[in-house]
Amino acid sequence: MNSRTIAAVLVVIGGGLLFASLFVQWYDPGTSGWTAFEVLDLVLAFAAVVALSAGVGALFGERWPEHARFVPVIGLVAFVIVLTQLIEPPPLVHDASRGAGGFLALVGSLILIGGGVLARRESITDRRDSDEARKRTMQRRHEEGL
């Protein structure tokens, strides 16, 4: 398994965990991420979908999609959001104890950061390879007089 595939799988797993965590209990009694947050649930869901699309695009495409370069930042933003919500819960559930959903989101965002760093490195390599191929093609055309 090459490093591009490993990075793509990590990004897919991290994005999937982050998205799935929104349906799991974040706070007692039975409050999921969807019901506890006003806007942050949509931000986390959007982050997870963007990361998932980048990972799936890399798995089934020839190279990393252009938006894959943002995956480490997406993971870091998700990590900060989740960590702050675990430390200081929203007013709706201020005194409630923490459930598994928040910690699942925390793990998912950390996996996203790791996979995103690998993806960023691989996407830069993909871009360099395509630039080199384009230069070789232009050089060959120039030599042939085209």
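1. From the N terminus on, the elements of this protein run α-β-β-α-α-α-α. In total there are five helices and two strands. The model is a predicted one.

2. Confidence deserves attention before any detailed reading. The mean pLDDT of the protein is 83, and 87% of its residues reach 70 or more. Confidence is highest in α4, at a mean of 92, and lowest in α5, at 76. Where pLDDT is low, the predicted coordinates should not be read in detail.

3. Of the 146 residues in the protein, 38% are buried. The protein exposes about 8200 Å², and 65% of this area is supplied by carbon and sulfur atoms. Among contacts between residues at least 6 apart in sequence, 72% join residues at least 24 apart.

4. The largest nonpolar core comprises 31 residues, and V11, L18, W26, Y27, L44, W64 and V82 are those with the most contacts inside it. Two or more residues are given to this core by each of α1 (3-21), β1 (25-27), α3 (40-60), α4 (71-87) and α5 (100-144). The largest share, eight residues, comes from α3.

5. The geometry of α1 was checked against expectation. Its 19 residues should span 27 Å at 1.5 Å a residue, and its end C-alpha atoms are 27 Å apart, which agrees. The buried residues of α1 are R4, A7, A8, V11, G14, G15, L18 and S21. An α-helix has 3.6 residues a turn, so residues three or four places apart point the same way.

6. Which residues does L18 contact, leaving aside its neighbours within four places in sequence? They are L44, A47, A48, A78, A105, G108 and L112.

Key:
Residues are numbered from 1 along each chain as its sequence is written. This is a predicted model: local features need pLDDT of at least 70, side-chain atom pairs count only at pLDDT 80 or more; totals for chains, interfaces and linings use all residues. Side-chain values use heavy atoms; hydrogens and water are left out. A nonpolar core is a set of buried Ala, Val, Leu, Ile, Met, Phe, Trp, Tyr and Cys residues joined through side-chain atoms within 4.5 Å. Buried means under 20% relative accessible area, exposed over 50%, partly exposed in between (1.4 Å probe, protein chains only). Helices (H or I, at least four residues) and strands (E, at least two) are DSSP runs, numbered from the N terminus. Contact means heavy atoms within 4.5 Å. The expected span of a helix is 1.5 Å times one less than its number of residues. pLDDT is the predictor's confidence in each residue, from 0 to 100. Accessible areas come from the Shrake-Rupley method with a 1.4 Å probe; for residues, only the protein chains shown count as cover.
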